[in-house]
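Here is a short briefing on one protein model. Keep the structure open as you read.

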Amino acid sequence: MARGKRPQQLRVGRLTKAHGLKGAIKLELYTDDPERRFVPGAEFSLQVPAESPWHGKHLVFRELRWYNQQPVGFFDGVDDRTAAETLVKAILWVDIDEAAESADAEPDAWYDHQLVGLAVLRDGVRVGEVAHVDHLPAQDLLIVKTASGEVMVPFVAAIVPEVDLEAGTLTVTPPAGLFEELPDEAEAAQGDAEASAAGDDAN
């Protein structure tokens, strides 16, 4: 569902650990193009608990460095380790111009409003619809509304191999049990039972 004229946002990273004594913070990247997102002057909104001193505030990026292939960020106003530690686990979001970026959008990156409402297909059969997206520190979860309730689907390539925005569909290949109570599985079980009964009758 679109958000009107409000800017769209893209989740680009998470702050994981203070690094050194000068306010540097290790980054977990959620973008394939960090050199583009993490540039001097870039401004990020923060997803933090309501009790955090950073709740409702923004961070301005100063510098990106790499230590042992680990990205480390420096931010304006975060000048020592104590300040950096107050930002651990914060998720970074950036406002983007969706139209301007559509031509060179990052692969496998979608906005929440693009995913919400997509029909969820398993083996070509519609099993539900994306109701909303939950952003957790470890991974994103698609909350899929089905006939038997909501199902939480990890938004990873192994389970969600295809998103087709033009077709309005999202394909899932869930592990056994994730959608076990869906109607089509119940029907399949009933079909197997009927086939077994028919076999018994034949004997």
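**Briefing: salt bridges, sheets and a pocket**

Arg 62 counts as partly exposed, at 33% relative accessibility. The model is a predicted one. Arg 62 makes a salt bridge with Asp 76, at 3.9 Å from N to O.

**Salt bridges**

- The whole structure holds seven salt bridges.
- Asp 76 is partly exposed, with a relative accessible area of 40%.
- A network of salt bridges links Arg 62, Asp 76 and Asp 79.
- Arg 65 and Glu 63 form another salt bridge, with their closest N and O atoms 2.8 Å apart.
- Arg 65 is partly exposed at 33% relative accessible area, and Glu 63 is partly exposed at 30%.
- Glu 85 pairs with Arg 81 in a salt bridge, the closest N and O atoms being 3.2 Å apart.
- Glu 85 and Arg 81 are four residues apart in helix α2, so about one helical turn separates them.
- Glu 85 has a relative accessible area of 45% and is partly exposed. Arg 81, at 30%, also counts as partly exposed.

**The barrel**

- Six strands close into a barrel, in the order β1-β2-β5-β4-β3-β6, with antiparallel pairing.
- Neighbouring strands of this sheet are turned by 50 degrees against each other on average, direction ignored.
- Strands β1 (residues 8-19) and β2 (residues 24-29) run antiparallel and are joined by six bridges.
- Arg 14 has Glu 28 as its bridge partner in β2.

**The open sheet**

- Another six strands form an open sheet with mixed pairing, in the order β10-β9-β8-β7-β12-β11.
- Its edge strands, β10 (149-154) and β11 (162-164), each pair on one side only.
- The twist from one strand to the next averages 35 degrees.
- Strands β7 (residues 119-122) and β12 (residues 169-171) run parallel, with three bridges between them.
- Leu 121 has Thr 171 as its bridge partner in β12.

**The second largest pocket**

- This pocket holds about 180 Å³ of space.
- Twelve residues line the pocket, and Gln 47, Val 48, Pro 49, Lys 89 and Ala 90 lie nearest its centre.
- By class, the lining has seven nonpolar, four polar and one charged residues.

How values were computed
Residues are numbered from 1 along each chain as its sequence is written. This is a predicted model: local features need pLDDT of at least 70, side-chain atom pairs count only at pLDDT 80 or more; totals for chains, interfaces and linings use all residues. Side-chain values use heavy atoms; hydrogens and water are left out. Two strands pair if DSSP finds at least two bridges between them. Helices (H or I, at least four residues) and strands (E, at least two) are DSSP runs, numbered from the N terminus. Axes are lines fitted to C-alpha atoms, for helices over the stretch in contact, and angles run from 0 to 180 degrees between N-to-C directions. On a 1 Å grid over the protein atoms alone, a cavity is a set of points where a 1.4 Å probe fits but cannot get out, and a pocket is an open set with protein on both sides within 12 Å along at least five of seven lines; lining residues have an atom within 4 Å of a point. Grid points are joined across faces, edges and corners, and a volume is the space filled by probe spheres set on the points. Ala, Val, Leu, Ile, Met, Phe, Trp, Tyr, Cys and Pro count as nonpolar, Asp, Glu, Lys and Arg as charged, and the others, Gly among them, as polar. A salt bridge is a side-chain nitrogen of Lys or Arg within 4 Å of a carboxyl oxygen of Asp or Glu. Buried means under 20% relative accessible area, exposed over 50%, partly exposed in between (1.4 Å probe, protein chains only).
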